[in-house]
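Please keep the sequence and the 3D view open while reading.

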Amino acid sequence: MKTLVLTILALVSTSMPVMAQDIAPAIDPIENARGLHQRSIMGAHAKRARQGGTATAGKPRPGTTAFQQQACANRPQYRKQYGVDHPQVQKLESLCAQAGY
């Protein structure tokens, strides 16, 4: 009886490391590097969002008074680039006149 228990324990203990190796997935260095890269990108996005910075920082947003003033201030440039007869330049002229710029 004693030898039977020892034999069973010996068989079970020798097969344990083999089974344990099958449980954990193999670590792929390339996938690990991709994960670290993606994590750093997401961290940079989160940091920028916390600080309130965007890709258009310093530029006025469309629809704001500052944006309208800037567009009306750039009228000579638009006239030179597109010509006075261009429909969008004429529309800009009328909108700036209505807004009082």
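Predicted model: local features only at pLDDT ≥ 70, side-chain atom pairs only at ≥ 80, totals over all residues.

In it the protein exposes about 8900 Å², and 62% of that comes from carbon and sulfur atoms. Of the 101 residues in the protein, 6% are buried.

The secondary structure is simple to list. There are 5 helices and 0 strands, and reading along the sequence gives the pattern α-α-α-α-α.

Consider next the pair H3 and H4. Helix H3 covers residues 65–73 and helix H4 covers residues 75–82; their axes lie 5 Å apart and the packing angle is about 50 degrees. H3 is therefore oblique to H4, since angles from 65 to 115 degrees would count as roughly perpendicular and those under 35 as roughly parallel. On the H3 side the contact involves Ala 71, Cys 72 and Ala 73, and on the H4 side Arg 75, Pro 76 and Tyr 78. Sorted by class, the contact of H3 with H4 has 5 nonpolar residues, 1 charged residue and no polar ones.

Cys 72, part of that contact, also takes part in a disulfide with Cys 96, with an S to S distance of 1.9 Å. The structure holds 1 disulfide. The link connects distant parts of the chain: Cys 72 sits in helix H3 and Cys 96 in helix H5 (residues 87–99), 24 residues apart. The angle about the S-S bond is -100 degrees, and the link of Cys 72 and Cys 96 is left-handed. Both Cys 72 and Cys 96 are buried.

Terms used: Residues numbered from 1 in each chain as written. Heavy atoms only, no water. Axes fitted to C-alpha atoms, helices over the stretch in contact; angles between N-to-C directions. Helix = DSSP H or I, 4+ residues; strand = E, 2+ residues; numbered from the N terminus. Parallel < 35°, antiparallel > 145°, perpendicular 65-115°, else oblique. Contact = heavy atoms within 4.5 Å. Nonpolar A, V, L, I, M, F, W, Y, C, P; charged D, E, K, R; others polar. Disulfide = S-S within 2.5 Å. Buried < 20%, exposed > 50% of the residue type's maximum accessible area, 1.4 Å probe, protein only. Areas by Shrake-Rupley, 256 points an atom, 1.4 Å probe, with all protein chains shown as cover.
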